[in-house]
Amino acid sequence: MKHQIEVSPIVADAFKVAIKAQANSHSPYSHFAVGAALKFKNDEFIYPGCNVENASYGGTICAERTAVFSRVANKGKGHLEFAVVLAHTTNPTYPCAMCLQVFSEFCEVDFPIYMGNENGLLKKMTFKDFLPHSFDTLSEGQRS
Ligand code: THU
């Protein structure tokens, strides 16, 4: 088994939120259930997300983006504090590039992303580890 990492109580709470969200994943096509939990600054609520697949395939949305859009729909845009992403995998599952691009709209480059599985959190990385340079039309095409 991979080594679990020590996390703060709020991240441990988010892990539980992501576990519950993962149980709600609608993934009959890939059978790859993903759960996410997002904490935004100055907001106590932890936003859950799960992947919701569609028979068209292209209509599928990832767990991370479900959670981001839920926050925006509920309270408007915000500043991401950290993310938790879970899958039923031995190794940490990394957020896909499209979700990273969506995160980039609402996060700083040092935004922490915790990854794990149903047994616990396995790895912490920061946004810039994944996407050091993002597409950003508000900053003349780039942000780094
Ligand atoms: N998936 C996510 O939910 N998040 C990611 O970051 C990567 C992929 C989902 C999409 C699809 O339902 C399933 O995983 C398999 O690709």
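Biologist: Why is K39 called buried?
Modeller: This is a predicted model, and in it K39 has a relative accessible area of 4%. Buried means under 20%, so K39 qualifies.

Biologist: Where is K39, and what does K39 touch beyond its sequence neighbours?
Modeller: K39 sits in strand β1. Leaving out residues up to four places away in sequence, K39 touches I10, F45, I46, L80, E81 and F82. A contact here takes heavy atoms within 4.5 Å.

Biologist: What about A67, buried or exposed, and how do you know?
Modeller: The relative accessible area of A67 is 0%, and the buried class is anything under 20%, so A67 is buried. A67 belongs to helix α2. Its contacts, apart from neighbours within four places in sequence, are L38, Y47, P48 and G49.

Biologist: How far is A67 from C50, in sequence and in space?
Modeller: They are 17 residues apart in sequence, and their C-alpha atoms are 7.5 Å apart.

Biologist: On to the rings. What makes F40 and Y47 an aromatic pair, and which kind of pair is it?
Modeller: A search of the whole structure turns up six aromatic pairs. For F40 and Y47 the centres are 5.7 Å apart and the planes are at 90°.

Biologist: Why do F103 and F111 get the label they have as a ring pair?
Modeller: Their ring centres are 5.4 Å apart and their planes are at 75°. The limits are 6.5 Å for pairing and 60 degrees for the angle, so this pair is edge-to-face.

Biologist: How do you know whether F103 and F111 are buried or exposed?
Modeller: F103 has a relative accessible area of 0% and F111 has 2%. Both values fall under the 20% limit, so F103 is buried and F111 is buried too.

Biologist: M125 then. What makes M125 count as buried?
Modeller: Its relative accessibility is 15%. The cut-off for buried is under 20%, so M125 is in that class. M125 is part of strand β5, residues 120-126. Beyond four places in sequence, M125 is in contact with Y94, F111, P112, I113, M115 and F130. As for A55, it is 70 residues from M125 along the chain, with 33 Å between the C-alpha atoms.

Biologist: And why is T93 put in the class it is in?
Modeller: At 14% relative accessibility, T93 is under 20%, so T93 counts as buried. T93 lies in the loop between β3 (80-87) and α3 (97-104). Leaving aside neighbours within four places, T93 is in contact with F32, V85, A87 and M115.

Biologist: What makes the link between T93 and T89 a polar contact?
Modeller: The side chains are joined at 2.9 Å.

Biologist: Where is Y57, and what is its phi?
Modeller: Y57 is in the loop between β2 (46-50) and α2 (63-75), and its phi is near 65°, again a positive value in a residue other than glycine. Its relative accessible area is 57%; exposed means over 50%, so Y57 is exposed.

Biologist: How do you know which residues are around the ligand?
Modeller: Each has a heavy atom within 4 Å of it; among them are S30, F32, E53 and Y94. By class, the shell has seven nonpolar, three polar and two charged residues.

Note on methods: Residues are numbered from 1 along each chain as its sequence is written. This is a predicted model: local features need pLDDT of at least 70, side-chain atom pairs count only at pLDDT 80 or more; totals for chains, interfaces and linings use all residues. Side-chain values use heavy atoms; hydrogens and water are left out. Ala, Val, Leu, Ile, Met, Phe, Trp, Tyr, Cys and Pro count as nonpolar, Asp, Glu, Lys and Arg as charged, and the others, Gly among them, as polar. Helices (H or I, at least four residues) and strands (E, at least two) are DSSP runs, numbered from the N terminus. Buried means under 20% relative accessible area, exposed over 50%, partly exposed in between (1.4 Å probe, protein chains only). Rings of Phe, Tyr and Trp (its six-membered ring) pair if their centres lie within 6.5 Å; planes under 30 degrees apart count as stacked, over 60 as edge-to-face and the rest as tilted. A polar contact is a pair of N or O atoms within 3.5 Å; within protein, one must be able to donate a hydrogen and the other to accept it, and residues adjacent in sequence count only if both atoms are side-chain atoms.
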